[in-house]
Amino acid sequence: MTIIARNTALAAALSCLWLPAASAHVTLEQPTAQPGASYKAVLRVPHGCEEEATHTLRVRIPEGFYGVKPMPKAGWTLETVTGDYAQAYDNHGTAVTRGVTEIIWSGGNLPDDFYDEFVFRGRFADSLPADSRFYFPTVQECANGVARWIDTAGDEGSDEPAPGLTLKAGHHH
């Protein structure tokens, strides 16, 4: 490969770093967790909807993740929806049968050119299988558009992948 060809290839590769993140999606900072362990979910929101600012983020909390507590964000209104669980979960000797099933941050302003994080914590049920995927379907709302990060099929080529992680066996407290 000549120096010119090598420099052209390098320039082409580097130019991709400055392209808009049209295909970027909402992801979790930590890609793994353990069944039976607590988990701090940090949702990374890399952009708005078609160049518009994000004003609402909705996260569905699936069965098997309980004791959920979202972190307030300055400039955003925080709301939770609660409901009954399909089964009871043991929280240090106390049966938990009801909890947060959805988190909604709204009234904020995350411009398309900026990135932000939305945080909540909870505990994975110890009955969840190790080496499985777990998803937090998320809907991102903007003034004239919506991005639905809700696909839980696990297809790498999905246009709407839900933020997910892999549950791994291990020691927890």
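Let's start with Arg 98. Its relative accessible area is 46%, so Arg 98 is partly exposed. Keep in mind that this is a predicted model.

What does Arg 98 pair with? The side chains of Arg 98 and Asp 84 meet in a salt bridge, 2.9 Å from N to O. Arg 98 sits in strand S7, residues 94-110, and Asp 84 sits in strand S6, so the bridge ties together parts that are 14 residues apart in sequence. Asp 84 has 59% relative accessibility, so this residue counts as exposed; the cut-off for exposed is over 50%.

How many salt bridges does the structure hold? Four. Let me take two others.

Next, Arg 58 and Glu 141. They form a salt bridge, with the closest N and O atoms 2.7 Å apart. This pair links distant parts of the chain. Arg 58 is in strand S4, residues 54-60. Glu 141 is in strand S10, residues 138-142. The separation is 83 residues. Arg 58 is partly exposed, at 29% relative accessibility. There is also a network here. Salt bridges with shared partners join Arg 58, Glu 102 and Glu 141.

Now Asp 116 and Lys 73. Their salt bridge has its closest N and O atoms 3.1 Å apart. Again, distant parts of the chain are linked, 43 residues apart. Asp 116 belongs to strand S8, residues 116-124. Lys 73 is in the loop between strand S5 (65-70) and strand S6 (77-91).

Is Lys 73 buried or exposed? Its relative accessible area is 18%, so Lys 73 is buried; the limit is under 20%. Asp 116 has 23% relative accessibility, so Asp 116 counts as partly exposed.

On to the nonpolar side. The largest nonpolar core has 34 residues. Which members touch the most others? Ile 61, Phe 65, Phe 120, Phe 124, Phe 136 and Leu 165. Several strands supply at least two residues each, among them S3 (38-45), S11 (145-149) and S12 (164-167). Which strand gives the largest share? S7, with five residues.

Last, a look at Ile 61. Set aside its neighbours within four places in sequence. Ile 61 is then in contact with Val 68, Val 100, Thr 101, Glu 102, Ile 103, Phe 120 and Phe 136. Two names on that list have come up among the core members that touch the most others: Phe 120 and Phe 136.

Key:
Residues numbered from 1 in each chain as written. Predicted model: local features only at pLDDT ≥ 70, side-chain atom pairs only at ≥ 80, totals over all residues. Heavy atoms only, no water. Helix = DSSP H or I, 4+ residues; strand = E, 2+ residues; numbered from the N terminus. Buried < 20%, exposed > 50% of the residue type's maximum accessible area, 1.4 Å probe, protein only. Core = buried A, V, L, I, M, F, W, Y, C linked by side-chain atoms within 4.5 Å. Contact = heavy atoms within 4.5 Å.
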